[in-house]
Amino acid sequence: MTIREDFLTTAHTALGLLRHEQVAAKWDQPSALPEFGVSGLAGHLAYQALPLPSMIQAPPGDEPVVPLMEHYERAKWTDLDLDSEFHTRIRAGGEKLASGGHGDLCERFEQALVELEKSLPGLEDRGVRMPHWGPWSVALDEYLVSRLMEFVVHSDDLAVSVGVPTPEFPCQVNETVIDLLTRLALNKRSGIDLVRALSRKERAPQDITAF
């Protein structure tokens, strides 16, 4: 399986969760994430695919294409507080995407995936960037790695929020996501902390989170 196939598979799994009747039933309730409603969290989940058709249709810019880990280092959002301007904007963006209601969001998510199933397979591994990023881009396939992480993490958030089982993702998707989260955690934790967490429960630190 290629990263593009993994992305489409994972996105369809996330869409299946988004369509769950419990998501619709709890649409206006708080989510498991502080300051996020279920609708806004659902919008944020869908956002991991919704902008991509436009991103890959746009002509490549002249900004540098940086490795994914350098992107996270430049963005620095992993160290920001929940009430920061960045996270406030993320929550507002999720709510805006969900403002048309549950059915509308599901329909637009599905349409984006229909477009991506046609366009992604033959596309060169060129630089892509989100509008709110700084003056850099990330290679498409590395960008999709970051979206896998977002889909898996926020699918769990949404499932917990509405009281349904978290979807099962393919083993290779979990491997990719865990690899990325481990590398991000190493930016904040010592290597031995992660080794102990995975090998020595009697010496495992209480917190090895990447964010």
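This is a predicted model: local features need pLDDT of at least 70, side-chain atom pairs count only at pLDDT 80 or more; totals for chains, interfaces and linings use all residues.
Helices (H or I, at least four residues) and strands (E, at least two) are taken as DSSP runs and numbered from the N terminus. Residues are numbered from 1 along each chain as its sequence is written, and side-chain values use heavy atoms, with hydrogens and water left out.

L33 is located in the loop between α2 (21–25) and α3. Its relative accessible area is 22%, so L33 is partly exposed; buried denotes under 20% relative accessible area, exposed over 50%, and partly exposed the range in between (1.4 Å probe, protein chains only). With neighbours within four places in sequence left aside, L33 is in contact with L41, H154 and D157, where contact means heavy atoms within 4.5 Å. The C-alpha atoms of L33 and L158 are separated by 8.9 Å, although these residues are 125 apart along the chain.

L41, H154 and D157 also belong to the contact between α3 and α8, which is made by V38, L41, A42, H44 and L45 of α3 and by E150, F151, H154, S155, D157, L158, S161 and V162 of α8. By class, these residues comprise seven nonpolar, four polar and two charged. Ala, Val, Leu, Ile, Met, Phe, Trp, Tyr, Cys and Pro count as nonpolar, Asp, Glu, Lys and Arg as charged, and the others, Gly among them, as polar. The axes of helix α3 (residues 38–47) and α8 come within 10 Å and cross at roughly 160 degrees. Axes are lines fitted to C-alpha atoms, for helices over the stretch in contact, and angles run from 0 to 180 degrees between N-to-C directions. The two helices α3 and α8 are therefore roughly antiparallel; angles under 35 degrees count as roughly parallel, over 145 as roughly antiparallel, 65 to 115 as roughly perpendicular and the rest as oblique. The crossing of α3 past α8 is left-handed, a term for a near helix turned anticlockwise from the far one by less than a right angle, with right-handed used if the turn is clockwise.

The structure holds three aromatic pairs. The ring centres of F109 and F151 lie 6.1 Å apart with the planes at 5 degrees, so this pair is stacked. Rings of Phe, Tyr and Trp (its six-membered ring) pair if their centres lie within 6.5 Å, and planes under 30 degrees apart count as stacked, over 60 as edge-to-face and the rest as tilted. F109 lies in helix α7 (residues 102–119) and F151 in helix α8 (residues 140–162), so the pair ties together parts 42 residues apart in sequence. F109 is buried, at a relative accessible area of 0%, and F151 is buried at 0% relative accessibility. F7, F109 and F151 form one aromatic cluster.

The axes of α5 and helix α9 (residues 171–186) come within 11 Å and cross at roughly 45 degrees, which makes α5 oblique to α9. The crossing of α5 past α9 is right-handed. In this contact, L68, M69 and Y72 of α5 meet L180, R183 and L184 of α9. The residues of the contact of α5 with α9 include five nonpolar, no polar and one charged.

H71 also lies in helix α5 and is buried, with a relative accessible area of 5%. Residues up to four places away in sequence not counted, H71 touches V66, W133, W136 and V138.
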